Amino acid sequence: MVKYGEIALKGLNKNTFEDMLVKNIRRRLRAAGEFEYSRRQSTIFVRPINADADIDLAIKKLKCIFGIAAIQRSAVLPTDWEQVVTLGLPYLEEPLSAARTFKVEAKRSDKSYPLRTPDIQRELGAAILSAYPHLTVDVHNPDVTVILEIRDGNAYLNAERIMGQGGMPVGSSGNALLLLSGGIDSPVAAYMMAKRGLNVDAIHFQSPPYTSERALLKVEELCEKLTPYCGDIRFYCVPFTEIQEALRDNCPEEYFTVIMRRLMMKIANIICEKHDYKALITGESVGQVASQTLMALACTDKASDVPVFRPVIGMDKKEIIEIARRIDTFETSILPYEDCCTVFTPKHPRTRPVLADVIAAEERFDFSELIAKAVEGITYKDFRS
Amino acid sequence: MIYLDNAATTRPCEAAINAAADNMRNNFGNASSLHKAGIEAERVIKDAKKAILDRLGLEGELFFTSGATESNNTAIFGAAGAYRHNGRKIVTTAMEHPSVSAAADRLCENGYEAVRLAPKDYDNFEQAVIDAVDENTLLVSVMWVNNETGFVTDVGKIYGGVKRKNPKTLVHVDAVQGFCKLPSKGLKADYISLSAHKIHGIKGMGALYAAKGVRFAPLLYGGGQQKNLRSGTEPVDLIAGFAAAVRAYPDCTAHFAALNERLCDALSEMDNVAINSYNNSKNILNFSVRGVRSEIMLHFLEESGIYVSSGSACSRGKTSHVLSAFGVSDSDADSAIRASFSPETTPEEIDALADGIRRGIERFRR
């Protein structure tokens, strides 16, 4: 028996979002084969064109795409009841033979269908019980819920309703630039903002020879890990060595970190202007490290004209790590390669810096030339989803 | 590239590559097969054993392993397994390679006691090792040449002293860094560990020498190869490469001495550079460029195509506890660089290294 394998998606309302979502899905499923797409009533139908399509891979990718509430892997059957039963029951074999209890849910959008919904549920339930005698019905907490939808001239049968990521399609809310450090927090911040529909690109500051090539490779690996969720990511790498050395040579040690973060913000702002990003994203949290006290954050924030989103600012480390594990960035983040945030760490950082003092310390040296030079030296790399 | 990290690994020499490639093409049989292809493969193994035993000037058994880690593990766990009633104490040092110290740790978890002596604590280190042996000592495991500083221990003296004190105590020598680089004939021990890729052989190959009559419990069980003590189809290609490398390695005593002196002279002209190596084999020199962290100097030198090591390659990113066994302070360990030479290293390369260090000091020292 041939299974068609068709996936029905549910839960979207607006046309523009649907357009964006379909566009994203098309892109991400490229690697899984050729599919055709159609839409009806808040559902996107993704149908493989030929047997070369890798449905398991497609579902794996769909589970990471923002804007999807649920995924149903369904067989497409003719509406003739006998055929529904004869063709449908074998299709359900895998999930049902492993289960002990089940229930049937039916939906009928075609009101002219001969059977009414409760009849459908009862008849299908009976058919399942006789084909799979080991099962019993449990309407409260079944192992498997068999869903049959009669709509659009077809009967869609499936036994698996997979939760999607939720959120909104990437790109539907605009473009933002993430300051990616290689630590645990910034990848999680990227995930959280992409979930709200932002198209996220990343900027990273490296300082060879203080930072190693391995540290850079680690950050690039994080970009790779984020693409299933964030889509394509453009990665900007800023040569930061000269600026850090100038900072170390000219400014008071206790302000190193906060000035460095301000300079990073300034450079990021230039990129936002140049490439039309409307917001910055960071993994900053309050109270975690000396540079992220309330006052230090306020000083850093002042260096940005563009709004800065800090989605993990209110989260405990434990909560952040949970997400990092879920999106598979945690193991990469904890690899011990120095990024430039730790290179010139002052022994006694000013934890409650006053903005006027910070600016005075910063102005001991005119960074504008070095900033322009750093921007000039930026290299790009595109990570494709 | 100026490769001065030969204690980490070496470039396989042409002889080794050719021997391995030739074997792969023309002699790929399984040495355990009954037919001619097997016999030919077995012949290569026999020949390789001879080459290595000749260089050691020893008669005894030689077993091929996947590398020195396996050889070290086999010596330690193998001795404990085969000589259960000889004692529950291991005498070793604080400067051993992790494949020895971690194996000793594991034995300690299972009721053994390990004494780890640090060279810095004794004027006569060899005597201290001998003194630590008692009637409960199963095994003495000492590194001949230390991989981080090049410190040389007179293992022959230890062997003699140990056997006089307790003839049942076994002596294991990790000869990985010393074999071929120092005159290796007449190295006396019950077990000797060797590694191919440290002497221009190919990675994934090592050997364990066991003196006549000395047993060990195997680590691997299976087809019964190598007298049932190291099961697994022998990697004849790598073995051929190992033998070729051993035959090809020249006597470098004078060569290394000259390079070492050249580097030491250059370093002594620089401010605040401390030499950590003492009593060392001349192919390894460990020194601290105070005020500049090792990794930074390492990457900086790398930008000029010069490759050295900071701490041991196995302990990537972590500060060396081995250096502290030699009395090197934490801050010096933080700025420690290890340069290690090969037969191909030239005086010009030493000069380039010295020059690189000078420039690094200028750039990074505060």
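**Exercise 1. Compare the overall extent of chain B with the globule rule.**

*Solution.* Start with the radius of gyration, taken over C-alpha atoms, and with the rule of 2.2 Å times the number of residues to the power 0.38. A compact globule of 366 residues would come out near 21 Å, and chain B has 21 Å, which agrees. Before going on, note that this is a predicted model, where local features need pLDDT of at least 70, side-chain atom pairs count only at pLDDT 80 or more, and totals for chains, interfaces and linings use all residues. Residues are numbered from 1 along each chain as its sequence is written, while chains are lettered from A and ligands numbered from 1 in the order in which they are written.

Next, look at the box: along the principal axes, the C-alpha atoms of chain B fill roughly 65 × 50 × 35 Å. Then count the elements, using DSSP runs numbered from the N terminus (helices are H or I, at least four residues; strands are E, at least two). Chain B has twelve helices and twelve strands.

**Exercise 2. How is strand S12 of chain B placed, buried or exposed?**

*Solution.* First, set the cut-offs: a residue is buried if 20 or more other C-beta atoms lie within 10 Å of its own, exposed if 12 or fewer, and partly exposed in between, with C-beta atoms placed from the backbone. Five of the five residues of S12 (residues 336–340) of chain B are buried, so this strand is largely enclosed by the rest of the structure. Then check each face: B:Ala336, B:Arg338 and B:Ser340 are buried on one side, and B:Ile337 and B:Ala339 on the other.

Finally, find a partner, where pairing needs at least two bridges found by DSSP. Strand S10 (residues 284–289) of chain B pairs with S12(B) in the antiparallel sense over five bridges. Within S12(B), B:Ala339 stands opposite B:Leu285.

**Exercise 3. Trace the six-stranded open sheet of chain A.**

*Solution.* Begin with the order, S14-S13-S10-S11-S12-S15 (chain A), which has mixed pairing. At the edges are strand S14 (308–309) and strand S15 (379–383) of chain A, each pairing on one side only. Strand S13 (residues 279–281) of chain A joins S14(A) in the parallel sense over two bridges, and A:Ile281 stands opposite A:Phe309 in S14(A).

Helix H9 (residues 256–275) of chain A lies across strand S10 (174–179), strand S11 (198–206), strand S12 (233–239) and S13 of chain A. H9 of chain A runs at about 155° to S10(A), with axes fitted to C-alpha atoms, for helices over the stretch in contact, and angles from 0 to 180 degrees between N-to-C directions.

How values were computed. Contact = placed C-beta atoms within 7 Å.
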